[in-house]
Number of protein chains: 2
Amino acid sequence: MPKLGMEPIRRAALVKATIDEIGASGTLDITVSKIAKRAGMSSALAHHYFGGKDQIFLAAMRHTLTVYGAEVRGALIMADNPESRLEAIIRAGFTISNFRREVVAAWLNFYVLAQSSPQARRLLTVYQSRLRSNLIYNLRPLIADRAAGAAERIAGLIDGLYLRRGLDQSDDAGHDATKHVLALLRAELRGQS
Amino acid sequence: MPKLGMEPIRRAALVKATIDEIGASGTLDITVSKIAKRAGMSSALAHHYFGGKDQIFLAAMRHTLTVYGAEVRGALIMADNPESRLEAIIRAGFTISNFRREVVAAWLNFYVLAQSSPQARRLLTVYQSRLRSNLIYNLRPLIADRAAGAAERIAGLIDGLYLRRGLDQSDDAGHDATKHVLALLRAELRGQS
DNA sequence: TTTTTTCTTGATTGACGAGTCAATAAAGAA
DNA sequence: TTCTTTATTGACTCGTCAATCAAGAAAAAA
């Protein structure tokens with residue numbers, strides 16, 4: 001049975017299973033066995049490829065952030081001016097793939113993990129910094145000095161709507177969320193300090 | 001040793017210890033023994049008064065929400081028009097006592113708990129509903145039809161800034177946070193749909 | 001004083017879970 | 001073919017923790 005080159009396949013399966021398991025339980029309080037079973041292998045194998053539970057979580061986190069980053073970059077390709085770039089950044093956060101329940105649950109739990117794991121915190125900080133600088137970079141030509149504050153508010157609202165998403169059980173919440181952040185963006189572009 | 005009427009004292013001590021322990025660890029993954037030790041008693045006693053870990057968490061949650069609610073109500077006493085009432089509601093969320101690190105950590109973890117515990121979810125939903133209706137009630141006389149959307153954004157930004165608070169290690173983050181939400185409030189009051 | 005109620009804990013139970021390991025099996029290398 | 005590397009698992013170890021319980025001590029009631 002041992003086909004060679006299983007490692008990347010197993011790792012990917014475990015990462016996906018981890019996110020699904022977090023989504024299903026809403027907690028990081030899940031067992032390696034459960035994750036492994038969901039990924040169709042024994043828990044020993046999960047340990048073999050990742051070394052430990054922490055590493056599995058970090059890998060799942062990295063994956064989530066990577067997918068998010070890719071989606072943002074993809075959206076930016078089509079945008080050729082600051083305003084549409086801002087809109088693209090915002091929309092990317094609420095696409096169906098990023099705003100799925102499991103993914104949101106995973107995000108929330110990664111924030112929790114970041115409270116106790118320096119590595120997790122570092123990853124989240126990178127995400128936050130990138131989002132902030134993306135926003136500021138595109139806001140500056142439009143509202144110069146107010147860019148920094150506006151970026152903080154937009155980023156904050158995005159995170160807040162994610163947080164609230166977990167409690168709504170409606171399924172098209174992404175639409176409203178996008179609308180809200182775009183409304184804030186317009187207000188920021190229009191307003192005076 | 002057995003002084004009578006210990007129950008309320010023990011319960012209060014356990015609730016406080018729970019919040020502190022969550023704050024110290026950043027997780028709900030804490031033991032009853034640790035909580036009990038922090039509160040100066042044996043774990044058996046904690047079980048005696050609360051029945052189980054879940055109940056302890058729920059009590060801590062109720063306490064946090066109660067304190068928050070009281071602070072909002074207190075702030076509203078001094079406010080006699082919609083605009084100042086809105087400001088009071090916002091300010092109450094970022095007072096030193098509500099925005100302390102342990103308290104924010106507890107909030108975050110309560111959001112997580114709400115993903116898996118119906119009771120926790122119910123409590124959080126009550127909080128959200130109250131905040132929303134408070135905001136809408138006072139926004140309506142000022143911006144009528146846009147009140148609902150504006151309330152959603154303000155509430156979302158408050159939650160988002162809480163979420164982000166956990167990652168900053170700065171200590172006077174409350175000041176900036178208040179400023180941001182007030183800026184949003186002014187933008188909402190000023191803007192047109 | 002005896003009895004009951006309230007308070008308290010140390011010790012124990014029972015379950016569960018992370019991580020290890022020895023063993024098996026297949027594929028490729030020598 | 002023999003040896004090595006990669007893949008894989010069941011069984012086991014070791015620790016931890018929630019929950020229970022029996023028992024003791026002090027106040028209050030009888």
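**Grounds for the terms used**

Author: The largest pocket has a volume of about 690 Å³. The model is predicted, so local features need pLDDT of at least 70 and side-chain atom pairs count only at pLDDT 80 or more, while totals for chains, interfaces and linings use all residues. Residues are numbered from 1 along each chain as its sequence is written, chains are lettered from A and ligands numbered from 1 in the order in which they are written, and side-chain values use heavy atoms, with hydrogens and water left out.

Reader: What makes a set of points a pocket, and what is its volume?

Author: On a 1 Å grid over the protein atoms alone, a pocket is an open set with protein on both sides within 12 Å along at least five of seven lines, whereas a cavity is a set of points where a 1.4 Å probe fits but cannot get out. Grid points are joined across faces, edges and corners, and the volume is the space filled by probe spheres set on the points.

Reader: Which residues line the largest pocket and lie nearest its centre?

Author: The lining (residues with an atom within 4 Å of a point) comprises 27 residues, and A:Thr27, A:Leu28, A:Asp29, B:Thr27 and B:Asp29 lie nearest the centre. Helices H4 (53-77) and H6 (101-116) of chain A, and H4 (53-77) and H6 (101-116) of chain B, each supply at least two lining residues. The largest share, five residues, comes from H4(B). Helices here are DSSP runs (H or I, at least four residues), numbered from the N terminus.

Reader: Why is A:Leu65 called buried?

Author: Buried means under 20% relative accessible area, exposed over 50%, and partly exposed in between (1.4 Å probe, protein chains only). A:Leu65 has 11% relative accessibility and therefore counts as buried. This residue lies in helix H4 of chain A. Leaving aside neighbours within four places in sequence, A:Leu65 is in contact (heavy atoms within 4.5 Å) with A:Trp107, A:Leu123 and A:Tyr127.

Reader: How do you know that B:Thr18 is buried?

Author: Its relative accessible area is 0%, so B:Thr18 is buried. B:Thr18 belongs to helix H1 (residues 7-25) of chain B. Not counting residues up to four places away in sequence, B:Thr18 touches B:Ile30, B:Ile35, B:Ile56, B:Phe57 and B:Ala60.

Reader: Why is A:Ala144 called partly exposed?

Author: A:Ala144 has a relative accessible area of 40%, and therefore is partly exposed. A:Ala144 sits in the loop between helix H7 (118-143) and H8 of chain A, and has a positive phi of about 35° although it is not a glycine.

Reader: What makes B:Ala144 partly exposed?

Author: B:Ala144 has 41% relative accessibility, so it counts as partly exposed. B:Ala144 is found in the loop between H7 and H8 of chain B, and its phi is also positive, about 35°, although it is not a glycine.

Reader: How many residues has helix H7 of chain B, and what span is expected?

Author: H7(B) (residues 118-143) has 26 residues and reaches 35 Å from its first C-alpha to its last, close to the expected 38 Å. The expected span is 1.5 Å times one less than the number of residues.

Reader: Where does H7(B) bend?

Author: H7(B) bends by about 25° at B:Tyr137, and B:Pro141 follows within four residues. The bend is the angle between axes fitted to the seven residues ending there and the seven starting there.
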